[in-house]
Amino acid sequence: MSSLFDPIQVGDLHLRNRVVMAPLTRNRSPNAIPRDITATYYAQRASAGLLITEATAISHQGQGYADVPGLYGTEQLDAWKHVTSAVHAKGGKIVVQLWHVGRVSHNELQPDGGKPVAPSAIAAKTKTVLIKNGIPTFTDTSEPRALDAGELPGIVHAYAVAARSAVETAGFDGVEIHGANGYLLDQFLKNGSNKRTDDYGGSIENRARLLLEATRAVVDAIGGGKVGIRLSPVTPANDVHDDNPQPLFDYVIRQLATLNLAYIHVIEGATGGPREISDRPFDYEALKAAYRQAGGKGAWMVNNGYDKPLAEEALKEGDDLIAFGKPFISNPDLVRRLRENAPLNAWDKNTFYGGGEAGYTDYPALA
């Protein structure tokens, strides 16, 4: 049986253990540019087999929260190069999560104060973060406009450009496509947010079209061995839902199986909440089986509420990688603590979003 601490080959990436740092939005990148403390933060956590960065916008239109980073400007890419160099100096591997938030945004964050974009003009009953008088403030999202079909090739192209820039310019080891948590690609997937009647709405095949087009474009840009994708079949995050998620995600996963991706990253249950949702049952083992039956060879990464015993059980059941989220915020040396069964630092949720070093780079490691 595999151990959490055994190495593994994941596509083109050789990882020194099975522990993954999940993407964690921290809102510490003014003007969408990572700061020097961002390099320190990730380098402190480089003992993970793989670091997945906080979600990072592929374009200005893809921005949805104040002070989150981007991949679409020279200063942004230069700053990320500083981060990847710091991680590599510690022997770590790091991929960037490619993000387009779609309707989960606000006019103040959009180019020229325009409306956020979405598959359909349906507002998300959720909040974003704006900076008010220097303080991160939760604010209702703005009403979106429906994307015209003619705009979608440009969005697909933006994913490919961001992926190529991430690897070739910023020095990332790969990318993760954010297809989860009620953001743009997930909005297209799920019938609660997608009411289109064109080739990108209605049937499962049509609703999956944009996610698959974007994924293929990224694979074409940098190779499937450097690409992962994140999915969340039943999370209610950001006011997203689908009436029948099992056949939807079975279809998606079978299509992804043909692309030779490095890994599939699945959020089980409600993101950051219960692992099972009574009114949204889902068979994750069947999803994994469908992927393997369709020829998918990528590593299978699981996420949501994992501790060491639950992670070890998942490895027994054939999962390959375990993503840990909030424990990595307060434990830069989480891998060592898991290996030694050492106590974990408690996190301070008051410092999750925005600010400086406090609650970011000042959590202590074991002596």
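A residue is called buried when its relative accessible area is under 20%, exposed when over 50%, and partly exposed in between, with a 1.4 Å probe and protein chains only. The structure is a predicted model, in which local features need pLDDT of at least 70 and side-chain atom pairs count only at pLDDT 80 or more, while totals for chains, interfaces and linings use all residues. Residues are numbered from 1 along each chain as its sequence is written, and side-chain values use heavy atoms, with hydrogens and water left out.

Aromatic pairs were examined first. A pair of aromatic rings is described by the distance of the centres and the angle of the planes. Rings of Phe, Tyr and Trp (its six-membered ring) pair if their centres lie within 6.5 Å; planes under 30 degrees apart count as stacked, over 60 as edge-to-face and the rest as tilted. The count by this rule is 13 aromatic pairs. In the pair formed by Tyr41 and Tyr42, the ring centres are 4.9 Å apart and the planes stand at 70 degrees, so the arrangement is edge-to-face. Tyr41 counts as buried, at 0% relative accessibility, and Tyr42 counts as buried at 1%. Both belong to an aromatic cluster made up of Tyr41, Tyr42, Trp80, Phe172 and Tyr360.

The charged end of Arg209 is placed over the ring of Tyr200, 5.9 Å from its centre. Arg275 lies over the face of Tyr306, with 4.6 Å to the ring centre.

Helices (H or I, at least four residues) and strands (E, at least two) are DSSP runs, numbered from the N terminus. Helix H3 spans residues 152-168, 17 residues in total, and its first and last C-alpha atoms are 24 Å apart. This is close to the 24 Å expected at 1.5 Å a residue, where the expected span is 1.5 Å times one less than the number of residues. The buried residues of H3 include Leu152, Ile155, Val156, Tyr159 and Val167. Contact is defined as heavy atoms within 4.5 Å. The buried residues of H3 pack against helix H2 (74-89), helix H4 (184-189) and helix H6 (209-222), and also against strands S5 (94-99) and S10 (174-178).

Thr84 is located in helix H2 and is buried, with a relative accessible area of 0%. Polar contacts are pairs of N or O atoms within 3.5 Å; within protein, one must be able to donate a hydrogen and the other to accept it, and residues adjacent in sequence count only if both atoms are side-chain atoms. A polar atom of the Thr84 side chain lies 3.1 Å from the backbone oxygen of Lys81. The Thr84 side chain also reaches the backbone oxygen of Ala170, at 2.7 Å. With neighbours within four places in sequence left aside, Thr84 is in contact with Ile94, Ala170, Gly171 and Phe172.

Phe188 is placed in helix H4 and counts as buried at 0% relative accessibility. Phe188 and Arg209 are 21 residues apart in sequence, and their C-alpha atoms are 8.4 Å apart in space. Not counting residues up to four places away in sequence, Phe188 touches residues including Pro119, Leu152, Tyr200 and Leu210.

In helix H8 (residues 284-293), the buried residues are Tyr284, Leu287, Lys288, Ala290 and Tyr291. These cover an arc of only 155 degrees around the axis, which puts them on the same side of H8; the arc is that of the directions from the helix axis to the C-beta atoms. Packing partners of the buried H8 residues are helix H7 (245-256), strand S12 (263-267) and strand S13 (299-303). At the start of H8, a side-chain oxygen of Asp283 comes within 3.2 Å of the backbone nitrogen of Glu285. Just after H8, Gly295 adopts a positive phi of about 95 degrees.

Ile264 belongs to strand S12 and is buried, with a relative accessible area of 0%. Among the residues that Ile264 touches, not counting those up to four places away in sequence, are Tyr291, Ala299 and Trp300. Asp320 lies in the loop between helix H9 (308-316) and strand S14 (321-324) and is buried, with a relative accessible area of 17%. The Asp320 side chain makes a polar contact of 3.2 Å with the side chain of Arg292. Ile264 and Asp320 are 56 residues apart in sequence and 10.0 Å apart in space, C-alpha to C-alpha.

Notes: A charge sits over a ring if NZ of Lys or CZ of Arg is within 6 Å of the ring centre and within 35 degrees of the ring normal.
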